[in-house]
Amino acid sequence: MEQFLEIYKTSDLEAVYVYQFETGGLADFIKFAIKVINFCYVKRIKFYVFINHPLAEFIQFKFQFMNFANRFPNPHFEIQSYNRLRLIKNAELTLSAKMQILPDYCYTEDWPIALPSGIRFQDIMDFKPMIYASVPALPPNYVAVHLRLGDLHMECAKGFTGPTTDSRKWNESQLCSLLEELHSQGKEIVFLSDNRNYKKRLMNKYPWLHMTEMKIGHIGLQYVSSDDILNTILEFVIIMKSSHIYAASYSGFNEIASMISGTPITKLYNTTN
């Protein structure tokens with residue numbers, strides 16, 4: 001971490017990672033922040049974050065000077081003077097003294113999703129203590145089974161500005177077999193999903209499952225409420241704090257929770273698809 005902080009003393013370049021509406025969900029925010037942190041470390045660029053989104057209410061910085069909103073009286077005006085940079089690892093990048101990088105400028109590049117050695121995401125920023133204090137009581141050493149059905153099946157799908165066809169592939173019989181096997185082993189299971197109707201149906205079949213009643217929202221949508229954001233973060237933390245993660249379908253939500261917490265993850269889906 002000392003080498004990362006040394007950049008702020010020696011570099012004349014700075015990059016601001018800007019998160020705002022319509023640039024991805026919670027896992028995207030974290031995933032692409034990790035990419036930009038790595039990029040700035042390798043290129044010796046000062047790293048800052050501007051959360052131009054209600055998510056800022058729930059995030060705290062280990063070092064306040066990295067919070068772009070704290071540096072200027074009007075950060076929304078100031079950011080306009082920063083040139084936008086698209087991360088393309090193997091291309092000749094034209095670096096400027098002041099750059100801004102948006103999450104959607106990271107989608108098509110091959111910069112790795114990996115932090116520099118010796119740096120954790122929590123060394124840069126983390127959820128505020130009130131988030132961890134708000135996690136509902138759960139049994140000790142629980143495992144988390146997460147099923148992402150996709151934006152098409154979320155209660156908030158109508159909030160998208162355009163049509164969505166996001167529906168994830170998954171195998172229900174495989175999921176049920178896993179739940180029954182874990183239960184037979186005496187495991188306490190917390191089941192999480194982005195569709196409350198499916199959670200209720202599964203609870204009727206397996207009343208020994210632990211679930212929350214929280215409504216999960218896609219925090220990248222402009223209509224999302226503060227409660228939706230809080231609930232989404234809480235479910236993310238529940239996955240993080242589990243003893244093992246089982247991913248029933250592809251989702252960056254459970255992958256990033258595993259990455260920043262170190263919780264082992266087992267993927268039930270075909271990772272080559």
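Which residues of helix 5 are buried? I started there, keeping in mind that the model is predicted. I found Leu175, Cys176, Leu178, Leu179 and Leu182 to be the buried residues of helix 5. They cover an arc of only 155° around the axis, so they sit on the same side of helix 5.

I then looked up the opposite face. Turned away from the buried side of helix 5 are the exposed residues Ser173 and Ser184. For the cover over the buried residues, I noted strand 7 (143-147), strand 8 (189-193), helix 6 (196-205) and strand 9 (244-247) among the elements involved.

I checked the length of helix 5 as well. It runs over residues 172-184, and at 1.5 Å a residue its 13 residues should span 18 Å. The end C-alpha atoms are 18 Å apart, which agrees with that expectation. Just after helix 5, I noted Gly186 with a positive phi of about 80°.

**Confidence**

I looked up the pLDDT next. The chain averages 89, and 90% of the residues score at least 70. Residues 157-163 have a pLDDT below 50. Beyond near neighbours in sequence, I found eight contacts for this stretch in the model.

In what order do the four strands of the open sheet run? I read the order as 2-1-5-4, with parallel pairing. Strand 2 and strand 4 (83-84) are the edge strands, each pairing on one side only.

Inside the sheet, I followed strand 1 (residues 14-20) and strand 5 (residues 98-101), which pair in the parallel sense over four bridges. Ala15 stands opposite Met99 in strand 5. Helix 2 (residues 26-43) packs on the sheet and touches strand 1, strand 2 and strand 5. I noted about 175° between the direction of helix 2 and that of strand 1.

**A residue of helix 2**

I picked Asn38, which is found in helix 2. Is Asn38 buried or exposed? Its relative accessible area is 10%, and under 20% counts as buried, so Asn38 is buried. Setting aside neighbours within four places in sequence, I found Asn38 in contact with Trp111, Pro112, Ala114 and Pro116.

**Helix 8**

How many of the 10 residues of helix 8 are buried? I found seven in helix 8 (residues 252-261), so this helix is largely enclosed by the rest of the structure. The buried residues are Gly252, Phe253, Asn254, Ile256, Ala257, Ser258 and Ile260. Their cover includes helix 2, strand 7, helix 7 (226-240), strand 9 and strand 10 (265-267).

Most residues other than glycine have a negative phi. Glu22 is found in the loop between strand 1 and helix 2. At 37% relative accessibility, Glu22 counts as partly exposed.

Asn141 also went into my notes, with a positive phi of about 55° although it is not a glycine. I placed Asn141 in the loop between helix 4 (129-133) and strand 7. Its relative accessibility is 68%, so Asn141 counts as exposed.

Key:
Residues are numbered from 1 along each chain as its sequence is written. This is a predicted model: local features need pLDDT of at least 70, side-chain atom pairs count only at pLDDT 80 or more; totals for chains, interfaces and linings use all residues. Side-chain values use heavy atoms; hydrogens and water are left out. Helices (H or I, at least four residues) and strands (E, at least two) are DSSP runs, numbered from the N terminus. The expected span of a helix is 1.5 Å times one less than its number of residues. Buried means under 20% relative accessible area, exposed over 50%, partly exposed in between (1.4 Å probe, protein chains only). The arc is that of the directions from the helix axis to the C-beta atoms. Contact means heavy atoms within 4.5 Å. pLDDT is the predictor's confidence in each residue, from 0 to 100. Two strands pair if DSSP finds at least two bridges between them. Axes are lines fitted to C-alpha atoms, for helices over the stretch in contact, and angles run from 0 to 180 degrees between N-to-C directions.
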